[in-house]
Structures are given as C-alpha cells and as structure tokens.
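Q: Could you help me learn to read a protein structure, one feature at a time? I would like the general idea and then the case at hand.

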Amino acid sequence: MWVGVNDLVRYDPDSNTYIRYFHDPEVLNSPSGNSITGEIVEDSTGRLWFADSFKGLTSFDPMTQTFNHYRHDPANPNSIGSNRLFTLYQDRGGIIWAASYDNGLSKFDPHSLTFGHYKHDPNDPNSLSSHFYGIFAEDQNGQLWVAGNGLSKIDRSSGIVSDYQHDPDNPASL
C-alpha cells in the first residue's frame, strides 16, 4: 500500500513495515519535495504518480526505484502548467490530470510524455470557469467533469469546455 503523508510511504501489512521515500536535495533520485498532496495514481505500467504542493508532478517506478520530475518552466509552454499542485486524476484513457492551486489543469500523456493545458480566461466563455479545481469525475460517455470554483465539463475528444455556474436569478442553476 502506498500513502502520501508529506513523504511517499510504502506500507507492507504482511510484515508491518514501512519504507519512507523523502526528498533529499543532495540526491537527484528522490521525490521532488516533501509536500505530497492529493491522490497517488498508479498507471498501467505500475508507475506511481503524485503531486507536490510546491514542486510539481513526480513519477516513481517501484521496480527500478527511480523518480522522474515534471516542473513548470515559464519559458516552455509544453511543461506542466504549475508547480503548485492540489491533486491528480487518471482517466480511462490513462491520461494523468493535475489540478493546480493557481493555473487550471494540466493533462499529461505518460506514453508521449506531453502536456496539454486547460486554463481560465475571463474573455473566453469556452475556458475553465476558474483557476482552481480539485474534484474529478468521468461520466459513462467519457466526458471529464471537474469541480472547484464552479463546474466544468471537458469533452476529451474535442477539447471543448462547457461551464456551469450558479446564477442567483435562476433557481434551476447550480
């Protein structure tokens, strides 16, 4: 069993033992930080993915004991959208979605190692309704729903975002 309690911890219930993986600035092959937050996601290859509140996205291969770090680079629009991550979600297609505190969503394809981004743009009605999201759900049609400061539906095949907001003048709204 894997748990994120600031550090990455593996618990073996058979032997009642723990292995703790913690950030060591002197060692490249360690977690990127000691602020693991949200879900730990295991992909189809057995790699673990976890978010850090301040240091971006990290993957860990338990077989090889290696860590890979994905951090925001303002000069690279293809990097993750923020280092301030809140939680992760893996959709049915294996895409890793990272919700940030301050810059919307990043989607990461672990096969092509590429990022895509969904952000709030007040001038674009087809953008996310806010910068902060923390709850994910996928419906039977493969649409991704994200909730935070509003509710947004992302059509994964087209990339189109639909937003749903509370309207105080409409009792049928959120």
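A: Let us start with accessibility: a residue is called buried under 20% relative accessible area, exposed over 50%, and partly exposed in between, using a 1.4 Å probe and protein chains only. This is a predicted model, in which local features need pLDDT of at least 70 and side-chain atom pairs count only at pLDDT 80 or more, while totals for chains, interfaces and linings use all residues. Residues are numbered from 1 along each chain as its sequence is written, and side-chain values use heavy atoms, with hydrogens and water left out.

Q: Is Tyr 70 buried or exposed?
A: Tyr 70 counts as buried, because its relative accessibility is 15%. Phe 115 is buried too, with a relative accessible area of 14%.

Q: How do I read a pair of aromatic rings?
A: Such a pair is described by the distance of the centres and the angle of the planes. Here, rings of Phe, Tyr and Trp (its six-membered ring) pair if their centres lie within 6.5 Å; planes under 30 degrees apart count as stacked, over 60 as edge-to-face and the rest as tilted. By this rule there are 13 aromatic pairs. Take Tyr 70 and Phe 115: their ring centres are 6.1 Å apart and their planes stand at 65 degrees, so this pair is edge-to-face. The two residues are 45 apart in the chain, with Tyr 70 in strand β7 (residues 66–70) and Phe 115 in strand β11 (residues 114–118). Strands (E, at least two residues) and helices (H or I, at least four) are DSSP runs, numbered from the N terminus.

Q: Which residues form one aromatic cluster?
A: Trp 49, Tyr 70, Phe 108 and Phe 115 form it.

Q: What is a salt bridge, and how many does the structure hold?
A: A salt bridge is a side-chain nitrogen of Lys or Arg within 4 Å of a carboxyl oxygen of Asp or Glu. The structure holds four. In one of them, the closest N and O atoms of Asp 91 and Arg 156 are 2.9 Å apart. Asp 91 sits in the loop between β8 and β9, and Arg 156 in the loop between β14 (150–154) and β15 (161–164), so the pair ties together parts 65 residues apart in sequence. Asp 91 is buried, at 4% relative accessible area, whereas Arg 156 is partly exposed, at 28%.

Q: Which residues are linked in a network of salt bridges?
A: The network links Asp 91, Arg 92, Glu 138 and Arg 156. Arg 92 meets Glu 138 with their closest N and O atoms 3.9 Å apart, and Glu 138 also forms a salt bridge with Arg 156 at 3.0 Å, N to O. Arg 92 is exposed, with a relative accessible area of 53%, while Glu 138 is buried, at 16%.

Q: How do I read a sheet?
A: Two strands pair if DSSP finds at least two bridges between them. Strand β2 (residues 7–12) is joined to β3 by five bridges.

Q: Which residue in β3 does Val 9 stand opposite?
A: Val 9 stands opposite Arg 20.
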